[in-house]
Amino acid sequence: MKGCWAKYAVTGALFALLAGCSSKPTDRGQQYIDGKLDQPLALVNQPNAKGRPVNGKDFVDQVGEIKSASPRMFARQNSTYSSIESWLMSGGDTRQLRQFGLDAFQMEGVDNYGNVQFTGYYTPVIQARYTRQGEFQYPLYRMPPRSKGRKLPSRAEIYAGALDDRYIVGYSNSLIDNFMMDVQGSGYVDFGDGRPLMFFGYGGKNGHGYYSIGKTLIDRGEVKREDMSMQAIRKWADEHSSYEVRELLETNPSFVFFKPENFAPVRGASAVPLVAKASVAADRSLIPPGSVLLAEVPLLDNNGKFTGKYEMRVMVALDVGGAIKGQHFDIYQGIGPDAGHMAGFFNHYGRVWVLRAAPGAGTSLFSGS
């Protein structure tokens, strides 16, 4: 790999909790079958991939969201989107991409052998109340004003009450739930009053560096590196006192603030509503927003173990994350505990080809209303 990770919460990639820098973990899907690649994106005649995309409808739905929310992005990428839809409607055979005016650029992967890292993120749903009561004791905060030349308080200082109560937007019943939503960068909140869930969007952060609590647990010898996952962190929290949980969380000084919104969909950094497993967070310096990926994604069992099988997906880069650099994508898994279950396990490898309309290709199929 190309170094360990430092987290910046926009997408809140779960892998940042996991703190794992390891070499060539073949049980995580590294394949080593494409030979050494010497450039980040290499034009190939056709992808060396088996199978056809399983999520054609989701891709079309995601493009529809782009068209509605970001006309400029849609116009910039429409020839690619249209060519891909034509290809999908004709069966999605990877051997036929060129017949539909599409170029495929293979990514070199984290090891220069085509193995691209996949992690997962999701949108949590947590319970809260508007006032402190009973078990609902843990504040959620909106972004306070930032004084020029002064840092906002660290996580430990915020937990100790450094922020005024007027910045509190609710109280949850779980400090670890607050932290998980913090890492994801957004979430839905159920205030228990019968109203629709309220979306807590990313409102900013305190400016302190992110430090992985997963790495802390590994370094302490409390969780084995190979067992580290979101589920392992939750299990550890369940088995320890609230004081010990708080002490662990305070080892990460970074803190995320939220912006409550009524009737809001989950949006990525491109301000486009996200479709589960059809959108990813990517490194914008390498993959421009709106780019389409043909990805060979490793399939995991319900315990997060690699099954030895893959599926092909077409996905759009619509989000970012400070820890998502280079040959690494964070796949949006959806909303709620089931999505979180799989997102918490994902730290595996597959292959990726960036699809682009060849010069002069693409007749718009999305231009109509």
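Predicted model: local features only at pLDDT ≥ 70, side-chain atom pairs only at ≥ 80, totals over all residues.
Asn-112 sits between strand β2, residues 102-107, and strand β3, residues 116-123. What is the phi of Asn-112? It comes out near 65 degrees, a positive value in a residue other than glycine. As background, most residues other than glycine have a negative phi. Asn-112 counts as partly exposed, because its relative accessibility is 23%.

Lys-277 gives us another example, with a positive phi near 60 degrees, and again the residue is not a glycine. You'll find Lys-277 in the loop that runs between β9 (256-261) and β10 (279-281). Its relative accessible area is 32%, so Lys-277 is partly exposed.

Now let's move on to the helices. Please find α2, residues 56-69, and α3, residues 71-89. How do they pack? The angle is about 160 degrees, and the axes are 9 Å apart. That makes α2 roughly antiparallel to α3, because angles over 145 degrees fall in that class. The crossing of α2 past α3 is left-handed.

Is Val-63 buried or exposed? Val-63 counts as buried, because its relative accessibility is 0%. If you look for Phe-74, it is 11 residues from Val-63 along the chain, and the two C-alpha atoms are separated by 7.7 Å.

Helix α2 also holds a charged pair. Asp-61 makes a salt bridge with Lys-57, and the closest N and O atoms are 2.9 Å apart. Both residues belong to α2 and lie four residues apart, about one turn of the helix. Asp-61 is partly exposed, with 33% relative accessible area, whereas Lys-57 is exposed, at 61%.

Side chains of opposite charge can pair when their charged atoms come close. How many salt bridges are there in the whole structure? The search finds 15.

Let me show you a couple of them. Asp-103 and Arg-98 meet through their side chains, at 2.1 Å from N to O. Here Asp-103 counts as buried, at 11% relative accessibility, while Arg-98 counts as partly exposed, at 48%.

Next, take Arg-351 and Glu-296, whose side chains form a salt bridge at 2.8 Å, N to O. Arg-351 belongs to strand β14 (residues 347-357) and Glu-296 to strand β11 (residues 292-300), so this pair ties together parts that are 55 residues apart in sequence. Are these two partners buried or exposed? Arg-351 counts as buried, at 3% relative accessibility, and Glu-296 is buried too, with a relative accessible area of 5%. There is also a network: Arg-52, Asp-93 and Arg-95 are joined by salt bridges that share partners.

Let's turn to helix α5, residues 175-184. How many of its residues are buried? The count is 10 of 10, and the helix is mostly covered. Among those buried residues are Leu-175, Ile-176, Phe-179 and Met-180, and you'll also see Asp-177 and Asp-182.

My last stop is on the surface. Which residues form a nonpolar patch there? They are Val-125, Leu-197 and Ile-335, and together they have about 230 Å² of accessible area. Of these, Leu-197 lies in the loop between β7 (187-190) and β8 (198-205). Leu-197 counts as partly exposed, because its relative accessibility is 35%.

Technical notes. Residues numbered from 1 in each chain as written. Heavy atoms only, no water. Patch = residues over 30% accessible without salt bridge, like charges linked within 9 Å, V, L, I, M, F, W, Y side chains within 5 Å. Areas by Shrake-Rupley, 256 points an atom, 1.4 Å probe, with all protein chains shown as cover. Salt bridge = Lys/Arg side-chain N within 4 Å of Asp/Glu carboxyl O. Helix = DSSP H or I, 4+ residues; strand = E, 2+ residues; numbered from the N terminus. Buried < 20%, exposed > 50% of the residue type's maximum accessible area, 1.4 Å probe, protein only. Axes fitted to C-alpha atoms, helices over the stretch in contact; angles between N-to-C directions. Parallel < 35°, antiparallel > 145°, perpendicular 65-115°, else oblique. Left-handed = near helix turned anticlockwise from the far one by under 90°.
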